[in-house]
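The entries follow in the order in which I checked them.

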Amino acid sequence: MRFSGFRVLKEGLTGNKGWTPHWRDPDPKPEYDVVIIGGGGHGLSTAYYLAKEHGLTNIAVLEKGYIGGGNVGRNTTIVRANYFLDGNSEFYSHSLKLWEGLEQDLNYNVMHSQRGLINLFHSDGQRDAFARRGNAMINQGDDAVLLDRAGVEKILPYLDFDNGRFPIYGGLYHPRGGTARHDAVAWGYARGADQRGVDLLQNCEVTGIDIEGGVVNGVQTTRGAIRARKVAMVVAGRSSQVAAMAGMRVPVESHVLQAFVTEGLKPVIDHVISFGMGHFYISQSDKGGLVFGGDIDMYASYAARGNLPIVEHVMEAGMTLMPMIGKAKVLRSWGGIMDMTPDGSPVIDKTHIDGLYLNCGWNYGGFKAVPASGNCFAHLIAQDRYHPEATGFQLDRFRTGYGVIDEEGTGAQHNLH
Amino acid sequence: MRVAGKGLLNTGRSVPFTFDGVRYDGIEGDTLASALLANDVKLVGRSFKYHRPRGVLSAGSEEPNALVTIGSGAQKDPNVRATVQEIHAGLQAHSQNRWPSLAFDAMAINNLAAPFLGAGFYYKTFMWPKAFWEKLYEPVIRRAAGLGGLSGENCADEYERAFAFCDLLVIGAGPTGLMAALIAARAGADVILADEDFRMGGRLLAETYEIDGLQGHLWAEQALTELGAMDNVRLMTRTSVVGVYDQGTYAALERVGHHKPHKAGPLECFWRIVAKRCVLAAGAIERPVAFRNNDRPGIMTAGAVRAYLNRWGVSPGKAVTVFGNNDDAHRTARDLLDAGVHVAALIDSRHDAPNFDGAQLMRGGQVCNASGARGIDAITVRTASGEERIRTDCLAMSGGWNPTVHLTCHMNGRPEWNREIAAFVPKPGAVPGMVTAGACNGAFSTADCLQQGIDAAKIALAELGLTAPDTALPDADDAPYRIAPLWAVAGKGRAWLDFQNDVTVKDVKQAATENFRSVEHMKRYTTQGMATDQGKSSNVGALAVLADATGRGIPETGTTTFRPPYSPVAIAALGAGGQGDGFAPQRYTTSHKASVERGAPMVEVGLWYRPSFFPKPGEKTWRQSCDREVGLVREHVGVCDVSTLGKIDIQGPDAAAFLDFVYTNMFSTLKVGRVRYGLMLREDGYVMDDGTTARLGETHFVMTTTTAAAGEVMRHLDFVHQTLCPELDVSFISVTEQWAQFAIAGPKSRDLLNGLLEAPLGEDWPFMACGSVDLMGVQGRLFRISFSGEHAYELAVPARYGAALFRELVARAEALGGGPYGMEALNVLRIEKGLLTHAELHGRITAFDLGLGRMVSAKKDCIGQTLSNRPGLKDPERERLVGLKPVGAIKQLMPGAFLFDKDAEPVRVNGQGYLTSACYSPTVGSTLALAFLKNGPERHGEVIKVVDHLRGLETLCEVVDPVFFDPAGGRARG
Amino acid sequence: MRLPCPICGERDRREFYYKGAALERPAPDAGEAAWDDYVYLRENPAGDTRELWYHDGGCGAWLVVTRNTLTHAVIGAELASEAKA
């Protein structure tokens, strides 16, 4: 079924009786060309692009719960391309371009809203670092504007310019940055993949990966054994466990990142604001809730829930930056499991096992990567060659020290960023 | 209307307040909701999507409809539940989400468009033309969204945070909680009893039954009197426990000032309660039944109608109908009749409903419609004999009760379905240290609640090692709770599940049709349960409808996850103290006051404040001051407070061996009385920090770190010592704040010091020497080190002498033609010498990149040594430190610019490196920069292009050695 | 979250700094694989794990804490200086 305003009108006039499932619930086939483990944003977009761009349709996405139930369904929905190191720059730039045509491509309104993102800085040194970032963005062909204090005041007049602990010197403005409706991204890709023949198998947990003579040939699942020529692991939050099924250890530690949403409020914040000094970022959803978050809780966790010290720290940061949000009430908090890598950058690579591919390590920035991650991972799976915009995310960069992509500069070691 | 002789509002004092500008009178002890109902105000709000008129549904914090804005200006507080807000003199409440008025809301047009606004409609449209989303569709949607609004003004109220510790936290002060608290308190436990209400007693205040022959509320009062008299008990009213965290940590919000007309003291306090054990006695929430137009104002939960009648002496209607599927609903009809209120009908959907005297009982009946847009005027009842219209101005409905299991789910516990009560109950042990009891545990008779309260307290006491006193179970109602599930009445039209978000039975069914069959999918697709009430009264009903639509049972369908907070908490409360300067500590040097007096702008350096420059009369720009200060250091002598650098005192027989392990270079070979520059790596081989370390004695060193890394280095040293080499006999401590330290730099620095020290410095004070000195009776430490390239010293004294010493040094410097210098000049001086700060040491840099590869001694192991030898970390292609000097017409250089080959297009793939530091050097008479450039040291003499897109600059530069001034270093040594 | 410091007793998580898996540092010549294992690759268990915490808001002790990453239950803590294998 093709969605359109006309279709909504027609269904509305005929009692909304004609709607059909967004996707099928097929039974597993005994064999697929490609089995994708993980029905999150990245797994679904991988399936979509395999089908759309590489003509592979005998594909299954295996999801242990419901599709889109992982981090794609619990994040702060920010979409941006403001990286500055080789490897990241071209990749996120590629991703943003895919975002910019996503609704039309998927025939699904993911509400990608390029309302502009501002990274604030609070010292000369930080301005210099953001200047490097902004110049790198322009080198890459993306957009960036360096704002001074007055420039920030003009677009974000409600920030506390007078009393905040860290005075605002200016900001790096990324007009094409923004947000999207996170669930819709998963559903749009799922629907698009399903329409191209991909089997989405929910409640299908992988319990083993079948490898013979260094070649992968299928998986064991709670819904039976499934043979496959190629197997792709895309299971952020569980990367270590699934990789262990293939006898691998990955450079990942799992951490909890909390996020928060307030009750619905009339529009008050029109941009995405990032306050790095306070580890705080915020936007307002189209429903009116302030959506915001901060740093990870800083301890290994698979609990998908956090603790109060970070909750309070995030709120303190909000209060020093924009005390006008004080009366907004936090409605809900949640925690996602982050694949934290040593350098804060992801892995899209083959493994030492023939036919087994790995996509992991998105740290706390996986949402904006969903289109390009799937697009580039599909390219790698289909052609066994890196996509030209995703050559930097190789697994052995840590071992060799070549091409480590440490955006934060806090150290390419665990738990330093 | 008030009902004579009913209610517990003892004082009877009248309290005036306004709602939408109209003055009303309530009675002390009223909530805004009870006061409005007493004044026969039924229309209180509008729904989120369809702007349907709404009235009060409940009598508690679960209220989805009656949300109002309280106050105005900076005090404006949106989305306040009228059922929780206490009235006080001068209270101003306003309805929300309506324009121009509550009664006539233009956006109610949405209600007519409802067929086109069903579940997920927005995912299917608004895509064409592409550019219209941001320009047209989204702005329209955004304007329509939201309920209340923020004032836009900075928060001006006081909020607070606090910690509390106890043996036992009892959550909920109904019969269960009171009983548990009594037992635990009598046993001597340190008890906190917290209740979200402003009056403790829970349902005992809302019901008419007796305990031990006393009316319920009197029994509660008796229990509270006993508890209140005990030192080991804290009673926390108006305190909602909103979150459960690890190791017995509970988050609670106390509403301290919302009920007071004059706001003295904090408005709210956010508590972190650490409890060894917890008894959850949170009660239950009644659920509505879905039927056509069940959202009309005047349709309320049956328990709420009882509460308004029995506690507040208010009947929400003159001719009330009652509709339920359980015995409990009968109580509402009974209490109304006893109070003299007309009950038009009691409709019980069960064919085997018990008898009822005093009103018409319609067994097997179902309410299938309601009329009256701004207030219900009639209902339609369907029975076996057909449909019948009954005039009524209030319908009390009960679909049964849901135990308040929310807090048991905060640590990922999943509640379990209990068929007998058709509700979810907590999974035992869901929260370590928490016992659930009473209605939240599925016990619905008062006798059962009291018994479970006793039992829960006994379990907690046993685990605390305390003995429970013998306590007899009080005599109380033990009528069984019987229910036959009824979730949604079949029929046409819209039947609401989630009132606030306007989610109807149709929406849930459509979601199922579109294959959003997982309960999480349904929730996200329809937005059911995502409004401000978090689906407290709608989740189970929606789930049941979904289960039905998908042909599954409720347990197989599962629940969504309840997450903190239980009820919404203001950001100002959670972040209390963070506003303004409170967000982070402020660290001041001993010279702060003197610097400010000299007019120096103080800038943040980490948590510290340091002077940027010291302006002189006539200087109009910072550059003028900076150039002058650079000159006075190069020509005379300058004084600069460098106390913010980290200082770590290291002592012990193995101190030298320890330093050899943490620094790349050798310190065991350093002579006593000498200082050495040290480079510290992270274990991954990248540079962590640098600084000088002085050997004051055979077993005594003082290490300096950069300002930014002081804490990190201290932690690192502790880590290395305690986990990697605990056998080394070495101790260390941070003395950053114990010593004030000043740089005295310039050709006349020795002259300045010799005028100050008891003993003048002789020839035995060469570059990199250190030792004790006496100055005016104070023992200080002197280090002949230089961050400016000049003959220079750093003089340290105990911090209490810092302020005096700074003034003395500055005065003496000025007498010699010099003076104080700030961060700007310090930066220029170090760039001229190619010395490093965190602009260069930004975490991605190796010793090799800095040209310091040889400092990584191959003769010994040190932290980071092994991995620094990876090929990727010493590849000549890496971006490596160079100096840059402009050669073209444009001379301006800014940090953050990128380097390109002279004729290359300035795009990413052509990038050759980037600029880290730049300044105008008055000494060299040129703009200078430090940069990292691919193959840098091999490219000296090459002309490259520096591009700063952001500031529209393109400059040609020559690649040079990073030491621009006095490369031989004679000035520092001389 | 609260952690039992062997020196100070049970304290709030706010007082502690987290470092991660408690691993033994290889010898300098242990080879590339051993160092890759130590600095980068992780077991990252979903269950009990031994990890390093620093009581920087307290006594300055480095601790080896045994903790469950699924439930956050703390099973025990010892001083790193004594836990060294």
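This is a predicted model: local features need pLDDT of at least 70, side-chain atom pairs count only at pLDDT 80 or more; totals for chains, interfaces and linings use all residues.

I then checked the handedness, and H4(B) passes H5(B) in a left-handed crossing. On the H4(B) side I listed Pro175(B), Leu178(B), Met179(B), Ala181(B), Leu182(B), Ala185(B) and Arg186(B), which meet Trp219(B), Ala220(B), Ala223(B), Leu224(B), Glu226(B) and Leu227(B) of H5(B). Sorted by class, this contact has 11 nonpolar, no polar and two charged residues.

Next I looked up H4(B) against helix H8 (residues 446–464) of chain B, where the axes come within 7 Å and cross at roughly 35°. Here H4(B) passes H8(B) in a right-handed crossing. From H4(B) I recorded Pro175(B), Thr176(B), Met179(B), Ala180(B), Ile183(B) and Ala184(B), and from H8(B) a list including Cys449(B), Leu450(B), Gly453(B), Ile454(B), Ala457(B) and Leu461(B). The residues of the contact of H4(B) with H8(B) divide into 10 nonpolar, four polar and no charged.

Finally I turned to the domain assignment of chain B, in which domain 2 is given as 159–285 + 403–464, domain 3 as 286–400 + 482–557 and domain 5 as 645–735 + 851–875. Over C-alpha atoms, I found 72 Å between the centres of domain 3 of chain B and domain 5 of chain B.

Technical notes. Residues are numbered from 1 along each chain as its sequence is written. Chains are lettered from A and ligands numbered from 1 in the order in which they are written. Side-chain values use heavy atoms; hydrogens and water are left out. Domain bounds come from an automatic or database domain assignment. A crossing is left-handed if the near helix is turned anticlockwise from the far one by less than a right angle, and right-handed if clockwise. Helices (H or I, at least four residues) and strands (E, at least two) are DSSP runs, numbered from the N terminus. Contact means heavy atoms within 4.5 Å. Ala, Val, Leu, Ile, Met, Phe, Trp, Tyr, Cys and Pro count as nonpolar, Asp, Glu, Lys and Arg as charged, and the others, Gly among them, as polar. Axes are lines fitted to C-alpha atoms, for helices over the stretch in contact, and angles run from 0 to 180 degrees between N-to-C directions.
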